[in-house]
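Take a look before reading on.

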Amino acid sequence: MEAVLDFSRELDIGLLDTVVGTFYGPPGPNHQIASRILTEFQANQDSWQRVDAILERSGNPMTKFLALSILENLVKTRWKILPTDQQQGIKNFVVSIIIKTSGDEVSLTKERTYLSKLNMVLVQILKQEWPAKWPTFIPEIVASSKQSASLCENNMAILKLLSEEVFDFSAEQMTQLKTKTLKQQMCNEFAEIFSLCRDVLESANKVSLVRATLETLLRFLSWIPLGYIFETNIIQILRDRFLEVFLFRNITLKCLTEVASLQVPPEYTPKVVELFHAVTASITKLIPPNAELDVIYETSASDEDQQFIQNIALFYTSVFHQHLRLLEANGDKQALLAGHQYLLRISKVKEREIFKICLVYWAKLSEELFNEARITPPFHTGIPLLNLGSSNGINPATQPRLSVYSDLLSTLRSVMIERMVKPEEVLVVENDEGEIVREFVRESDTVQLYKDMKEVLVYLTHLDMEDMEGIMLKKLNKQVDGTEWSWDNLNKLCWAIGSISGCMHEELEKRFLVQVIKELLGLTEAKRGKDNKAVCASNIMYVVGQYPRFLKQHWKFLKTVVNKNFEFMHESHEGVQDMACDTFMKIATKCKRQFIMQQAGEVQAYIEDILAQIPEITVDLQPQQVHTFYEAVGHMISAETRKPVQERLIIKLMELPNVAWDTHILHITQSREVLQEAEVIKILGNIMKTNVSACTSIGGAFVVQLGRIYLEMLGLYKEASELISQQVAAQGLIATKTPRVRGFRTIKKEVLKLIETYVTKADDLNQVATSMIPPLLEAVLLDYKHNVEPARDAEVLNVMAAIVSRLEVLIQDRVPIILDAVFECTLSMISKDFSEYPEHRSGFFKLIRAINQYCFQALCAMPPPQFKLIMDSIVWAFKHTMRDIAEIGLSTMSEIIENFERADPSLSNAFFLSYFVSILNDIFFVLTDTEHKAGFRFQTQVLQQLVRLVETNRIGAPLATSVQGFPNPNASNQEFFRQYLANLLGTAFPHLQQNQIHGFIHGLASLYTDQNAFKLHVRDFLIQLKEFSTADNADLFLDEKEAELEAKKKADFEAKLLIPGMVKPSERPEDGMMD
């Protein structure tokens, strides 16, 4: 096998076939050897010279595929450095093989996979050569297509690939200028291609050729000049010759859908209307308007039929999305409604992806109709949106456009309810076996689909509140009388009811919700069996949790609901208690003031009753459920503004855990052996978690409780640390895996978490700095420093980062102590590899960043060796392969550069003299390394800072003196930067030409004031490098995509806040609307 790697003699093709066969065959003793040999063979720079012999003489298709992969890689990475005669030879060779292989029908069919790879290699050559060095390509491929049907069919595949590469995938693979040139050339030469496609479609009878031409045309339709579509007979050919033919109807309808989705100028709008009517007429012939499409889809044995139904949905959603107003104004109303009826029937198809296609359009239509009604007189009156018109919302009679769709929308309301999916709050579900169980894994796709469906239901409710109310109550009655009873039906109805919270006028909502809860409570009482009751209970909790506005304004109902919720906390059915606690949390968060006020007819605030009943309420709850309960009650207490009352309530809330705490601390004081008991360890851990939960919601006022247990808590921390050390000394590192030590560590982690939670919320920072910090550091730091690595808690780093971030200058004098304890020992843990101790890794770099941000002077005061370690650790962070760590490292480096730029000149110059060049080297290391592309935005940000410092003369020291042996030590910083960087890049990438390097450096110096232009310039340079040209460069565009998504998300959320009911109560900001 090794002889394959001997490039000094002729390649034994048979032996190579054997090696490839061994690699792709059944696993055996030589499999690893074959893998290594093939990897080395592909990596060899001369392997491409063996490709012609392999393709001509190999009998193994996988060997040929390997050869083509080598050739494709050569074209992508080294084409420009090949001599012209070799380029021409490779091009001619590839073209000749393609013509030979696709020249007859038998070979075309047999070698289709091989041809596909050959076509891709040719397209890669085209991206390098066309149009500048191969200007005749389009005329040549069109002319050759007329020689034979099989050759024409493969040429269509080449043209389709070329279109995809230029118009669909170019952004991440080619520079901006190259992309623009190819697109322009494609458009300029399209006349010949279009003529070829039309000739084939008009006269060809070969099925595979027609299909290939239609698929190629489909790729063209999105970008070709509109005249080719609307001023020729191509639409008529598609419609008359192929749309109603079973073999071609799907691809033809896709083509017509692409046309229907185009934006067109006024002169072409009659053609769009004509297209819509013609396609609707054809669809009506193929599928009657009253057909049950969901049944057809379910029972069809043909994928073609199912695909056709999906394509009908795509056609109508596309044409309505782009041209609905045009069709309403100029089209046939009957055809318009027929198209919508098809969409309604397709919306019932149980295939989720098809439903999502329809849902996007229903969202657009309902939003449009709502927005029109909102601004159309007499409704645009400045009255809050909840008072749009009459008592039932918008009156369709005053909205001509809405009246056209009123019957359709009524049906759509029912369809949406019947298709409703589970919200993320619901934990009790029916599994595939028909059992009612607790759900542990939430599907992100279902969560997003629920949000999209909620939007549509909200709009539909605003458009006719009484119709929505009537439909929902009618469906609920059918649950009660049993005619439509099923878990699935009840769930979907209640999920829909919960989703429209806040949409109705308050009186209508009151009437509606009282009726719903009454019926659901009655249903719970009437149904027998734990599963039935669990489903009813789950739905009651979900519905009431979604209507805090109603609960807030109807105290007695709120009290009844909360008491019922407390009953569900005793229900043993899986998932019910979790939902009860979650629902209580929602109610407590949104209605918290109601619980601390003394309501009419009550002898005291209801919070007093809850606090008095905590033992009874929580007796059946699991520890994590108890923690949720305490956090919920903490939200109520946080609303109390009278400090003495609030302190009394906190003391009362923590009474039960404090009794247990005092008892166990006393026993531990009397005998340390008590702390060895598993049950004691578990109880103390849960007590700490309860404190964390309460502190999370109460905030700074929790100091009254924290002060009570603080010193005992730190004493327990020390005791647990000592016991861990004893266990490790006795048993070795394996002790850290034992239940007892893990229990001790839980206690320690929760102590640290409580302190971190309190510090981030504390009101009196001076008190924190003087009273809390000294004993904390004494208890924590030495323990962390001297413990074995597996027993060090990452929470220590998080607490220190939180303390530095919150206290700022108040903690500055203690930063050296903190760093002395945690820096080197943590660095030794995380620098061994890129994967171990991920939590320590994150906490460590957060601490370094916090010190730089808030205690910079402490950083400056460090001795040079220690400071260099800090800098090395930051560089190591941004070289990390985990994106979050790399981004923290890059952000910290950017902030350090910024801080030193603003510092005293002597300090600043000393820093840049020591570190400017090394930072520049390291930034280019990650910029040009394919493993770090996700950090592109932050990498270019640091590079831009470095360039700006040089170009604006912000560095007073001569940088040329910082590089030993630099040929021109008297060079200005600008000259040094250009010369040094040119040498760095020329050495690292010898295939780059000097004009490329100098052009890149000149661009850096001229574009540093424009962040976006600077990034684009760097990106274009990286795409030219061979390391990037063979890889997926999507990560270089990641920041734009993420920023665009984030901006859109923010704008959408702000717009939704203006529409009653659009944002779930639990997700609304605390703006007073809910509480």
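The notes below go from the whole chain down to single residues.

## Ground rules

This is a predicted model, so a local feature needs pLDDT of at least 70 and side-chain atom pairs count only at pLDDT 80 or more, while totals for chains, interfaces and linings use all residues. Residues are numbered from 1 along each chain as its sequence is written, and side-chain values use heavy atoms, with hydrogens and water left out.

## The chain as a whole

Of the 1075 residues in the chain, 54% are buried. Here, buried means under 20% relative accessible area, exposed means over 50%, and partly exposed is in between, using a 1.4 Å probe and protein chains only. The accessible surface is about 45900 Å², with 52% of that belonging to carbon and sulfur atoms; these areas come from the Shrake-Rupley method with a 1.4 Å probe, and for residues only the protein chains shown count as cover. As for contacts (heavy atoms within 4.5 Å), take those between residues at least 6 apart in sequence: 74% of them join residues at least 24 apart.

## Domains and a UniProt stretch

The domain assignment gives domain 1 at 547-635 and domain 2 at 867-1031; such bounds come from an automatic or database domain assignment. Taken over C-alpha atoms, the two domain centres are 57 Å apart.

UniProt, in an unreviewed entry, lists residues 34-100 as "domain: Importin N-terminal". UniProt positions are given in the numbering used here, feature names are shortened, and annotations may be inferred rather than shown by experiment. In the model, residues 34-100 are 78% helix and 0% strand, with 31 Å between the end C-alpha atoms.

## Aromatic pairs and a cluster

There are 42 aromatic pairs in the structure. Rings of Phe, Tyr and Trp (its six-membered ring) pair if their centres lie within 6.5 Å; planes under 30 degrees apart are stacked, over 60 edge-to-face, and the rest tilted. One of the pairs is Phe242 with Phe248, edge-to-face at 5.4 Å centre to centre and 85° between the planes. Phe242 and Phe248 are both buried.

Tyr316 and Phe320 make a stacked pair instead, with 5.7 Å between centres and 25° between planes. They are four residues apart in helix H18 (residues 303-330), so about one helical turn separates them. Tyr316 and Phe320 are buried too, and they belong to one aromatic cluster that also takes in Phe276, Phe315, Tyr342, Tyr361 and Trp362.

## Lysines over rings

Two lysines are worth a look. A charge sits over a ring if NZ of Lys or CZ of Arg is within 6 Å of the ring centre and within 35 degrees of the ring normal. The charged end of Lys64 sits over the ring of Tyr114, 5.0 Å from its centre. Lys91 lies over the face of Trp134, 4.5 Å from the ring centre.

Trp130 and Pro131 are joined by a cis peptide bond, with omega about 5°. Pro131 is in the loop between helix H7 (112-129) and helix H8 (137-145).

Glu808 has a positive phi, near 50°, despite not being glycine. You'll find Glu808 in the loop between helix H40 (794-807) and helix H41 (815-830), partly exposed at 35% relative accessibility. Tyr837 also has a positive phi, near 55°, and lies in the loop between H41 and helix H42 (838-854). Is Tyr837 buried or exposed? Tyr837 is buried, with a relative accessible area of 18%.

Ile587 is in helix H29 (residues 576-590) and is buried, at 2% relative accessible area. Leaving out residues up to four places away in sequence, Ile587 touches Leu551, Leu558, Val561, Val562, Lys592 and Phe595.

Ile997 is in helix H49 (residues 994-1007) and counts as buried at 0% relative accessibility. With residues up to four places away again not counted, Ile997 touches Ala982, Leu985, Gly986 and Leu992. Its C-alpha is 8.8 Å from that of Leu981, 16 residues away in sequence.

Note on methods: Helices (H or I, at least four residues) and strands (E, at least two) are DSSP runs, numbered from the N terminus.
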